[in-house]
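Have the structure open and try each task before reading on.

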Amino acid sequence: QLVLSAFVASFAYSTAGLYTVGVSAGTRTESFPRLAVTGAIVLLFVSLGALVFEVHHVSHSMQIDEIMRKVELATERVVRQPSPGRRLTPAPAVPRSATAVRSNRSGYVQTMHPEPVIATAGALRANVALVPKVGDHVVAGTPIAWLWRTDGEPLDEKDLHGAVHDSVRLGFERTLEQDAAFGVRQLVDIASKALSPAVNDPYTAVQAIDHLAAVLAAIALRDQGDAIYPTSGATTVTVPAYDFEDYLELGCAQIRRYGAAEPLIGSSLIRLLTSLAHATTDPSRRAAMRHQLELIVEDTEREVAQPEDLILLRAEAAALRELLEELT
């Protein structure tokens, strides 16, 4: 945008100033507009500098390191978004008699802003449980919310159809507005492609794991899971979301499977878990880390036949087990 603005400004200024440049029989006139021509020359050099900047910017932005850095920073911004009014109580069970609100079109859930459905549900004294998470794909005609009243009175789907669809925005692709799992997914895909036999680039996979460690550490510092919002009618609106265990499984499982034959990948994943162990003291999250650690060790030991190649990985695994026990 900046470069295009410089080009357009140079063109517009030079074109507008042409009428001030008088020529007669190939010679200058007495009133030569020196200031206007000087301005055009200055803009010419600005445009040349902008072109050099654009070439540098494009070549730099295509580097995989820069792409992963941008994904990491964008995902961390999503993770740090506040959730006002959110409760950490267990989500209420949806009764069998609940009424379904069905999606009117297909697409990915890009954002959820529950304010409209909270207001309407409070007025109707209705409980609402949204079905998809941010990032999930929804097919037209499938339920995107369940409605019910605590007193068992029937509810009409039309009463909350508009509010539910106002709260859930669907699009043709996933975005990083609220979808932290999408950022994790992108980094995992980069690592998986790097580990494919066609590419065989374990160093890029290790870099992706390092960026994943930063993202998952930010996730570990915050409360995760379903969001429960109270309404004015003493009811609740449940917005489903990933918990820490989901993010950890998403970040580790696929890379572990594709990189099981390379001890370097296993060691990198163990270092990721070690970073997370320092970021949280939650017992359930530490248990999830232990589970992932044992899976990494088991898969690597199964795929690597040379015991010498496993020395470092086993030592790092033992150190992480000891750290987790100390934190307990």
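**Exercise 1. Work out how Asp189 and Arg185 are placed relative to each other in helix α6**.

Step 1: Asp189 and Arg185 sit four residues apart in helix α6, so about one helical turn separates them. Helices here are DSSP runs of H or I with at least four residues, and strands are runs of E with at least two, numbered from the N terminus.

Step 2: Their side chains meet in a salt bridge (3.2 Å, N to O). That term requires a side-chain nitrogen of Lys or Arg within 4 Å of a carboxyl oxygen of Asp or Glu.

Step 3: Asp189 is partly exposed at 25% relative accessible area, and Arg185 is partly exposed at 23%. Buried means under 20%, exposed over 50%, and partly exposed in between (1.4 Å probe, protein chains only).

A note on the basis: this is a predicted model, in which local features need pLDDT of at least 70, side-chain atom pairs count only at pLDDT 80 or more, and totals for chains, interfaces and linings use all residues. Residues are numbered from 1 along each chain as its sequence is written, and side-chain values use heavy atoms, leaving out hydrogens and water.

**Exercise 2. Locate Thr175 and list its contacts**.

Step 1: Look in the loop between β8 (168-171) and α6 (180-194).

Step 2: Leaving aside residues up to four places away in sequence, Thr175 touches Gln110, Arg169 and Phe182, where contact means heavy atoms within 4.5 Å.
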